[in-house]
Amino acid sequence: MTNKVLTLFTIALLLGLSQHTVAQNFKISSRDNQTTINVNVDKQITWSVTKYGVEVLPEVKIDMSVDGKPLAENPKILSNKTITYNAPITAVVPHKSKEIQDVYNELQLKFKGGFGLQFRVYDEGVAYRFHTKKRGEIEINSETLDITFRSGTRSLFPEEKSMYSHYERLYLDKKLDSIASGQFCSLPVMFNTTDAIRILYSEADTYDYPHMFLQGNSSNKLSALFPKAVAEIKPQPGRRVDRNVIITKEHSYIAKTNGTRTFPWRFFVISNEDKTFIEQDMVFKLSSPLAIENTNWIKPGKVAWDWWNANNIYGVDFESGLNTATYKYYIDFASAYNIEYVILDEGWTKSTTEILGFNPDIDVKELIRYGKEKGVGIILWCLWKPLDENMTEILDTYAGWGAKGVKVDFMQRADQYMVNSYTEIARECAKRELLVDYHGAFKPAGLRRAYPNVLSYEGVRGNEHNKWANYITPEHNLTLPFIRMAVGPMDYTPGAMRNAQEKNHSINFERPISLGTRAHQVSMYVIFESSLQMLCDAPSAYQKDEHTARFISQIPTIWDETKALHARLGEYLAIARKNGDNWYVGAMNNWKARTLDIDFSFLPEGDFEMTIFKDGANANRYAEDYKIEKINVDRNTRKTINLAKGGGWTAILKKR
């Protein structure tokens, strides 16, 4: 071979090598060294996770298509950096703990092409997100997330039929390789590996960007799916033309957004202990900090609610219904039981779309005045669509009347426009010192940290469904805290006063009945997190059983500290929570009667008087049977509690 040929061959070889990215590997571990992310940058970006010495996520492939081009095709690293972080976060409205310790190790990668990646490793899980630095606006055509799980992994799969959804789902036990192409779920979603390790997946800090769904392909892999940006809608004909829409045209992209920004965190909570999913607060840690200056006006509390109980008021000298007299009765009840709010649900407005005027039988201004006199605030329900069309005037009007907040309903979408609307509503309500409760809503994804006036979200199949179905079982109620509640507050609306064991249950829309015992419902006030916690039944029902109502009224809706005592997804749960000097313990059971041993060593030194609300001796037959008793305890006390089928147990501990 001549020298000239050799030279040409060498040049060609070097050119070929220069076009191929040399693989680079990075590793970062949690503070406790139990969890490790391994990042591989080659022709694409993939990463894996090892925990307890087991490769729990064998491969996760990630990318974004920006302005029609993939970011991570043959990526070239410009720099890498590892940082350690440890600092407290103080929650304005604490759902788990007032002081949240934010401790993680982070890998920062900067790439050629104006983008970067952050990987965080916590003791309880892992997270990553993209960020870009590009001029002007960019279009995000798609985002790639392909998660490969270990063989045999199962999912508790909140399957959706459409991305036009209110997120109220059951969690279906499915083997991953049985989830076919075209089948998809909303988030959060739980995975169970063959090593008894659970993995919860969701997202946080989601702003100006659509929410994610996950779809199957008959393998151990799930892939990201997003709603396209909506270009055109029209009302859906039929009974609910005021609130349902048909998306008639979509853009080719999922988001059009600022070219210099961070994107949502994608996170996995990973543990072989179910307690972890109760105590962790990953969404809050991963979300943007407080965005409003004055928060002194934000007042969490309980709410007397009308819609579920169909205004079944009795023993009064007026005809109950959508009228001023009925709601004054609600206000009187709330005042007598130290309940902070009354909600005026659907029916108070002139019509569901004319929401600046009253139903002629309801004097809203008089109710707000009367409530103020009695120390009870009024929250107003409204549909999202008319609010979105005239937000400034509507919110100015409600605030001018003296309302304390809004319950916004029937969003049912998770595209970029809708995500931005949630943020706008939160921000505009904060300006007017209005609280927000989202119904017909997607799951929490961090907005409440920036805007703590957002007190709760529905996005959950809760007590409401007892009006038309029999699937709100104790097992379902014991699935929610580990999945849906793991990402933020949920407006389940507890407090049913008609309760039944499975064989005695019947469906009744006007007079609904819950599955499980009375003590099961009461325990929800400690176990279920919502800083705007409903009492779903009629004031007449609570006044008929004053003992239950007085007990519930003593339970707060925010918590300084949370400790999971016993936890098994779908089976049982016992939680201790602190508020001020008092402690509260809630325990909940599925359909299998059992005992649990409660260790009170979480208490500080000193003696406590403990008031207990528990299943009665005959609760296995008659679900409304309960007993209240008082005993003295201290941090050395050990107590065995009995839980009936579908049962519950709740204790209020006050220092003596």
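Some ground rules. In this predicted model, local features need pLDDT of at least 70, side-chain atom pairs count only at pLDDT 80 or more, and totals for chains, interfaces and linings use all residues. Residues are numbered from 1 along each chain as its sequence is written, and side-chain values use heavy atoms, with hydrogens and water left out.

Phe115, Leu117, Phe119 and Val121 point one way. Gly116, Gln118 and Arg120 point the other way. In a regular strand the side chains alternate between the two faces of the sheet.

Now its neighbours. β7, residues 99-111, runs antiparallel to β8, joined by 7 bridges (DSSP needs at least two for a pair). Leucine 107 is bridged to phenylalanine 119. The β7-β8 hairpin has 3 residues between the strands, and glycine 113 in the turn has a positive phi of about 105°. On to β9, residues 125-148: again 7 bridges to β8, antiparallel. There, glycine 116 partners histidine 131.

Next, the open sheet. Its 7 strands run β27-β26-β25-β24-β23-β22-β30, with parallel pairing. β27 (454-457) and β30 (532-535) are the edges; each has a single partner strand, so one side of each lacks a neighbour in the sheet. Twist averages 25° from one strand to the next (axes fitted to C-alpha atoms, angles from 0 to 180 degrees between N-to-C directions). Between β25 (405-409) and β26 (435-438) there are 4 bridges. Valine 408 sits opposite tyrosine 438.

Technical notes
Buried means under 20% relative accessible area, exposed over 50%, partly exposed in between (1.4 Å probe, protein chains only).
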